Amino acid sequence: MGVRATIEFKVIILEVFGDLTSFIHQLKCECEVWDTKLISYHSYIKVMLEQFDEITFHHIPCENNQLADVLASLSSIFMISQEEEVPLINIQNWVQPVYC
């Protein structure tokens with residue numbers, strides 16, 4: 001769904017962040033997809049990725065991926081049409097936890 005949304009919003013430069021090294025390597029065609037359940041999905045995504053002028057992939061270790069999990073959860077609660085402005089999410093990095 002995220003890739004489709006970026007295409008609909010006419011994004012031409014895409015940065016992909018993920019914690020699955022194998023998935024990133026598969027998208028970059030550095031290794032093959034062996035899981036039969038993922039082959040058709042991989043093919044579909046590869047066709048969609050051709051819509052972008054530039055794509056970069058970044059690996060984030062699982063232990064550093066808490067922010068990505070939160071952003072994925074936040075993105076799932078917004079319903080945005082092409083006519084609407086995308087809400088700005090301001091993120092601050094605190095040195096110490098802000099919870100008790």
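Student: In which helix is the place of leucine 67?

Tutor: Leucine 67 sits in helix H4, which spans residues 66–75; helices are DSSP runs of H or I with at least four residues, strands are runs of E with at least two, and both are numbered from the N terminus. A word on the source: this is a predicted model, in which local features need pLDDT of at least 70, side-chain atom pairs count only at pLDDT 80 or more, and totals for chains, interfaces and linings use all residues. Residues are numbered from 1 along each chain as its sequence is written, and side-chain values use heavy atoms, with hydrogens and water left out.

Back to our residue: leucine 67 counts as partly exposed because its relative accessibility is 47% (buried is under 20% relative accessible area, exposed over 50%, partly exposed in between, with a 1.4 Å probe and protein chains only). Leucine 67 also belongs to a nonpolar surface patch of about 830 Å², whose other members include Phe9, Val70, Leu71 and Ile77. Such patches take residues with over 30% relative accessible area and no salt bridge, joining nonpolar side chains (Val, Leu, Ile, Met, Phe, Trp, Tyr) within 5 Å and like charges within 9 Å. A salt bridge here is a side-chain nitrogen of Lys or Arg within 4 Å of a carboxyl oxygen of Asp or Glu. The areas come from the Shrake-Rupley method with a 1.4 Å probe, and for residues only the protein chains shown count as cover.

Now to the other helices. Threonine 6 lies in helix H1, residues 2–8, and counts as buried because its relative accessibility is 18%. Beyond its neighbours within four places in sequence, threonine 6 is in contact (heavy atoms within 4.5 Å) with Val11, Leu14 and Phe52.

As for the setting, the chain has four helices and two strands, in the order α-β-α-α-β-α. Of its 100 residues, 15% count as buried.
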